[in-house]
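I opened my notebook to look up strands, rings and a pocket.

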Amino acid sequence: LLILFLAYYYRQIKLNQSIDKANEAIKLKETFDDNTEFTNNLPKNPNLIFETISGTTHIFKDNKYWRAIDNKIVLSNEYSNKFWNINNSFSIESGFYDFRNFNLVILSKNKIYIYDLKNNKLSSGTYIKEYYPGLSSVSEKINRIFCSRGWIYFCGKNNIMLYDANTDSI
């Protein structure tokens, strides 16, 4: 009986290994096959792109929305308000994903809006120089914002400013 159990166990391990190899080959093939579809249906010059921990990529361009999962576009060129608690007239100019707080920080018409992803709720806007007091000395209009490695980058027409949120300074 013990020999039968060991033979069955060995057979299951070998079967699982061959299934894993087959799945990896299929996944690799699907990844290469799907790349052309993924790149051709996306907007040019998107305003905000973020990826969640689950691997879902969200793409915003003005007031339109795209969603991609596993390199497959599942939503394309839809109005944002259909899937997000945002007015149709609300246009996203730029922003970034604040993963620590599970929020989107959105720049629109010189105001900062916080979109709470947990509660699906958009805050009322605050002027960018009020929200980030360290920018009060900057005379240039901020056109784009993004976050990388804990630093917030503010882009104007001629300059890029690096902002430290811990000290509220440039």
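**Entry 1: β5 and β6**

I began with β5 and β6, which pair in the antiparallel sense over five bridges. I noted the rule for pairing: two strands pair if DSSP finds at least two bridges between them. Strands here are DSSP runs of E with at least two residues, helices are runs of H or I with at least four, and both are numbered from the N terminus. Strands of a sheet pair through backbone hydrogen bonds, either parallel or antiparallel.

The hairpin of β5 and β6 has four residues between the strands. In that hairpin, Phe-102 takes a positive phi near 55 degrees.

Is β5 mostly covered or mostly open? It is mostly covered, since I found four of its five residues buried. Buried means under 20% relative accessible area, exposed means over 50%, and partly exposed lies in between, with a 1.4 Å probe and protein chains only.

**Entry 2: what I am looking at**

I must remember that this is a predicted model, where local features need pLDDT of at least 70, side-chain atom pairs count only at pLDDT 80 or more, and totals for chains, interfaces and linings use all residues. Residues are numbered from 1 along each chain as its sequence is written, and side-chain values use heavy atoms, with hydrogens and water left out.

Leu-104 has Tyr-115 in β7 as its bridge partner. Two residues sit between the strands of this hairpin, and Lys-109 takes a positive phi near 50 degrees there.

Then I checked β7 against β8 (residues 121-122): two bridges join them, and they run antiparallel. Asp-116 has Lys-121 in β8 as its bridge partner. This hairpin has four residues between its strands, and Asn-120 in the turn has a positive phi of about 55 degrees.

Which strand does β7 also join by two bridges, with residues 126-127? I found β9, and the two run antiparallel. Lys-111 has Tyr-127 in β9 as its bridge partner.

**Entry 3: the four-strand sheet**

I turned to an open sheet of four strands, in the order β1-β2-β3-β4, with antiparallel pairing. Its edge strands are β1 (48-51) and β4 (72-79), and each pairs on one side only. The twist averages 10 degrees from one strand to the next. For such angles, axes are lines fitted to C-alpha atoms, for helices over the stretch in contact, and the angles run from 0 to 180 degrees between N-to-C directions.

I also looked at β3 (residues 64-69), which pairs with β4 in the antiparallel sense over five bridges. Ile-69 has Lys-72 in β4 as its bridge partner.

**Entry 4: aromatic rings**

I wrote down the ring rule. Rings of Phe, Tyr and Trp (its six-membered ring) pair if their centres lie within 6.5 Å; planes under 30 degrees apart are stacked, over 60 edge-to-face, and the rest tilted.

How many aromatic pairs are there by this rule? I have 14 aromatic pairs. For Phe-50 and Tyr-97, the ring centres are 5.0 Å apart and the planes are at 35 degrees, so the pair is tilted. The pair links distant parts of the chain, with Phe-50 in strand β1 and Tyr-97 in strand β5, 47 residues apart. Phe-50 counts as buried at 4% relative accessibility. Tyr-97 is buried too, with a relative accessible area of 15%.

Tyr-65 and Phe-83 form a tilted pair, 5.8 Å centre to centre with 40 degrees between the planes. Tyr-65 lies in strand β3 and Phe-83 in the loop between β4 and β5, 18 residues apart. Tyr-65 is buried at 0% relative accessibility, whereas Phe-83 is partly exposed with a relative accessible area of 30%.

Ring pairs link a cluster that includes Phe-50, Tyr-65, Phe-83, Trp-84 and Tyr-97.

**Entry 5: the pocket**

Last, I looked up the largest pocket, which is lined by 23 residues. Phe-96, Tyr-97, Asp-98, Cys-147 and Ile-152 lie nearest its centre. The largest share, five residues, comes from β5.

On a 1 Å grid over the protein atoms alone, a pocket is an open set of points with protein on both sides within 12 Å along at least five of seven lines, and lining residues have an atom within 4 Å of a point.

Terms used: On a 1 Å grid over the protein atoms alone, a cavity is a set of points where a 1.4 Å probe fits but cannot get out, and a pocket is an open set with protein on both sides within 12 Å along at least five of seven lines; lining residues have an atom within 4 Å of a point.
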